[in-house]
Amino acid sequence: MDIDGFWAVIEGTGRGAGLDERSDRLAAALTELTVEDLLDFQDHLEAQRGRVSGDVMGDAATLILLGCGDDSFARFTAWLVGLGRETMDRIAEDPDRLADECEVRALADRHPRDWSDDEYPWWEELEFAAVHEYERRELDPACMHCARKARVPEGGRSPWREPERDDRDPEESLPRLTAMFDDGRLWD
């Protein structure tokens with residue numbers, strides 16, 4: 001599976017659909033893939049999540065979610081991938097462009113406890129969908145990692161890249177998101 005095939009699967013889940021429906025569509029699409037394509041899918045997913053895994057995106061997640069630990073950030077980056085290729089390209093270049101997305105704007109001025117499950121900006125099922133399909137086929141999920149690792153040439157790089165450090169304050173790196181979300185929702 002090439003990157004275009006990966007994005008076809010992601011975008012085929014329907015960005016505007018509810019999370020459960022999207023997850024069902026994703027699971028169904030993955031059943032059609034070969035084992036090699038499942039491995040490719042997971043490699044592409046990790047590479048795309050790596051594009052949005054830096055400090056500035058962590059600050060964006062913290063602003064939007066009112067705090068963000070490692071698991072929440074992993075789900076958040078999966079959700080970002082679920083926004084589609086064009087959106088990923090824009091926000092990987094400039095995380096403050098999240099302020100342009102209708103899904104993000106709809107969350108502003110409301111406490112996360114008031115968000116519906118479908119609005120919440122994370123997609124845990126996407127993180128593990130290929131692993132679950134691999135396992136469903138009675139293959140050892142731990143071996144999926146081994147199989148993916150074996151495909152990286154010796155001395156080669158994993159699709160997950162180390163994010164760049166950025167020590168700027170969110171007000172400087174994310175002025176629009178800061179204006180949208182740094183508004184006292186914590187005290188509501």
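The structure is a predicted model, in which local features need pLDDT of at least 70, side-chain atom pairs count only at pLDDT 80 or more, and totals for chains, interfaces and linings use all residues. Residues are numbered from 1 along each chain as its sequence is written, and side-chain values use heavy atoms, with hydrogens and water left out.

Of its 188 residues, 43% count as buried, where buried means under 20% relative accessible area, exposed over 50% and partly exposed in between, with a 1.4 Å probe and protein chains only. Contact here means heavy atoms within 4.5 Å. Among contacts between residues at least 6 apart in sequence, 75% join residues at least 24 apart.

Helix α1 spans residues 3-11, and its buried residues are Phe6, Trp7, Val9 and Ile10. Seen down the axis of α1, these buried residues fall within an arc of 155°, so they line one face of the helix; the arc is that of the directions from the helix axis to the C-beta atoms. The cover over the buried residues of α1 includes α2 (19-31), α3 (35-51), α5 (70-82), α6 (85-93) and α8 (124-136).

The structure holds six aromatic pairs. Rings of Phe, Tyr and Trp (its six-membered ring) pair if their centres lie within 6.5 Å, and planes under 30 degrees apart count as stacked, over 60 as edge-to-face and the rest as tilted. The rings of phenylalanine 73 and phenylalanine 76 have centres 6.5 Å apart and planes at 25°, so this pair is stacked. Both residues lie in helix α5, three residues apart, about one turn of the helix. Phenylalanine 73 is buried, with a relative accessible area of 16%, and phenylalanine 76 is buried at 0%.

The charged end of arginine 75 sits over the ring of tryptophan 122, 5.2 Å from its centre; a charge sits over a ring if NZ of Lys or CZ of Arg is within 6 Å of the ring centre and within 35 degrees of the ring normal.

Technical notes
Helices (H or I, at least four residues) and strands (E, at least two) are DSSP runs, numbered from the N terminus.
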